[in-house]
Amino acid sequence: MSDKGLLEVQDLCTYFPINKGVLRQKVGEVKAVDHINISIDQGETLGIVGESGCGKSTLGRSILGLIKPTGGHVLFKGEDVTNMDFKKLRSMRQQMQIVFQDPFASLNPRMLVEDIIAEPLRIHESSLSRNKLQSRVEQMLELVGIESDAANRYPHEFSGGQRQRISIARALIMNPEFIFLDEPVSALDVSVRSQVLNLIRNLQKDLGLTYLFISHDLSVVRHISDRVGVMYLGTIVELASKNQLFNNPLHPYTKALMSAIPIANPNIPINRIILEGDIPSPANPPSGCRFHTRCPNVRKDCDKTDMLNRMIEVERDHYVSCLLYK
Amino acid sequence: MSKLLEVKNLQTCFYSKDKRIVSAINDVNFSIKKGETLGIVGESGCGKSVTALSILQLIQPHSGMITQGEILLNGQDLLKLNEKKMQQIRGNQISMIFQEPMTSLNPSFTIGYQLISPIRLHRRCSRKDAYDYAVSMLHMVGIASPEQRMKEYPHQLSGGMRQRVMIAMALSCEPELLIADEPTTALDVTIQAQILELMKQLQRKLQMSIILITHDMGVVMGMCDNIAIMYAGNVIEFADKYQIFNYPKHPYTKGLLSSIPSLDRDVDVLNTIPGIVPSISNMPSGCKFGPRCQHTLPICKQLQPKSIQVGNDHSVSCWLYEQEGGES
């Protein structure tokens, strides 16, 4: 991995305690993010795919410091975000923004669109005059393709796609370098989804943004990302460039995940690998390789060898965490 | 093969807040043969679910009603039946799986209780027989240790398992037609693959027809024989899946297919359909896709196009093909 990464995630862990009983004693922990190492270069899009509950969103939120990680470091431009004091973290957040999944829940219904978009500016640049504020909001609205009279309306007057554009405008107003996109198109209809995806891509080209893009939809991730990481139960099982991953998936989970996607083309014969069973609970993950309970290629030492943190470089920049490639 | 279900000119209306009547679906026509799978595809709010609910007459009387049309099951018009007769058809000849496996099971009864009641209702058998049958159904849908599960409550099961229970329940009376309303939308892809595979297997085994309602083109292409594309309350195109994929006719179908990012090739900019789906209380006049269409003719704004045959079992509602249809 390159050494001039904009964002460097080292050994990041986020555990949630499970408390039980009258005294709320800690009886265990959910290892939502377990020893993850990734780096994102300037201007790059790293896509993370995985099923629900695998820790994708927790990873992103831990990187932004919205959830305090249990261990490890997040270096943004060489500075450690994880143990920064609140004041410094807050100014750091100008450069790191987030777009949430559900555009119906992430915009305050009682605030005007103008106020929603201007809120970050009010916090970080409180000395700005009202006129300046307005013109910045208008600029942002134009950038995301919404007519400027929208500023004086409320979120409920907009459709899902337009609301997601407003969320993007809010994230962009501080001129951030890094944006964490947490399933930004999953709640949108197909015909609107492609509009928002194109917008996200164009903004990256025009403004030189760096993205961490999370989705459970592999075709969307393929469309938007440069590199892709596949997550399973809190760990990254495979990390490679988009073409390497999609043309030559190595980890049995990645293979199964790809074959499970319904393809919108009846001319292509389907050859599915159907995984048995459900995803194990992250509170009690299987020993050894976490995928071994569902893996079709399981070997006898898979349940004993701890694969955490062991990424094997099979080809250049193509990492996989699986004993088959040892 | 004879037609199992035929829907003709179906129209369902709802009362809006200001006491106006708005139609959610209009002039819907399609048919399904025995053992066949029909996919109904469309975006949210296009009337897919209303169509399904109308077939079973599950529209709440105070919120809306079926105003026009015929629903023929084996030649018998369901709309002419009284409530008691309809009750015998629901869950027995036609049954339904709903989208949210989390909310469509009753949280305060055990899985066993919920499985046994429809069997007892339609089959008139003893409690013991019904229990044994329910266990065998759970076994058939691939649930491990079914006797144990019979005693458990819905919250103790995962999403995929709950959907399996729903399928077991829907199939327990060996229906001729299964209506599946977005059965896998709430599930993860690997679980979705399991459930779809299960539905296919059971379909072969029980020789039933399936109406699969979804917004996911991928799911439809993998599962269905015929596809009906819905937009703003109308079926705008109907054909078999190869026709739809290889030779789509309606501009909306074309737009929909090309706006899906593909897994096997890279595209720089995705095709988009400009604008948004119109709301049902404020429909444009003429063709409802008109304001978003790139090939509008003057007539599109005035009159809504009728469904025209453009090939073998391929019909489309679009003025662009009016001439073509007239010639053939």
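In which order do the eight strands of the open sheet in chain A run? The order is 6-7-8-3-9-10-12-11, with mixed pairing.

A note before the views: this is a predicted model, in which local features need pLDDT of at least 70 and side-chain atom pairs count only at pLDDT 80 or more, while totals for chains, interfaces and linings use all residues. Residues are numbered from 1 along each chain as its sequence is written, and chains are lettered from A and ligands numbered from 1 in the order in which they are written.

View 1. Strand 6 (96-99) and strand 11 (312-315) are the edge strands, each pairing on one side only; strands pair if DSSP finds at least two bridges between them. From one strand to the next, the twist averages 20°. Strands here are DSSP runs (E, at least two residues), as are helices (H or I, at least four), numbered from the N terminus.

**View 2. Strands 3 and 9 of chain A, with helix 9.** Strand 3 (residues 45-49) and strand 9 (residues 227-232) run parallel and are joined by four bridges. A:Val49 has A:Val230 of strand 9 as its bridge partner. Helix 9 of chain A packs on the sheet, where it touches strand 9 and strand 10 (235-241), and its direction makes about 100° with that of strand 9. Angles run from 0 to 180 degrees between N-to-C directions, with axes fitted to C-alpha atoms, for helices over the stretch in contact.

**View 3. Helix 6 of chain A.** This helix has 18 residues and reaches 26 Å from its first C-alpha to its last, close to the 26 Å expected at 1.5 Å a residue (the expected span is 1.5 Å times one less than the number of residues). Its buried residues include A:Val190, A:Arg193 and A:Ile200; buried means that 20 or more other C-beta atoms, placed from the backbone, lie within 10 Å of the residue's own. Among the elements covering them are helix 7 of chain A and helix 10 of chain B. After the helix comes A:Gly208, with a positive phi near 65°.

**View 4. Where chain A meets chain B.** The contact takes 33 residues from chain A and 36 from chain B, contact meaning C-beta atoms, placed from the backbone, within 7 Å. Helix 6 of chain A gives the largest share of chain A's side, seven residues.

**View 5. Helix 10 of chain B.** In this helix (residues 251-258), B:Pro251, B:Tyr252, B:Thr253, B:Gly255 and B:Leu256 are buried. Among the elements they pack against are helix 6 of chain A and helix 8 (217-223) of chain B.

Conventions:
A residue is buried if 20 or more other C-beta atoms lie within 10 Å of its own, exposed if 12 or fewer, and partly exposed in between; C-beta atoms are placed from the backbone. Two residues are in contact if their C-beta atoms, placed from the backbone, lie within 7 Å.
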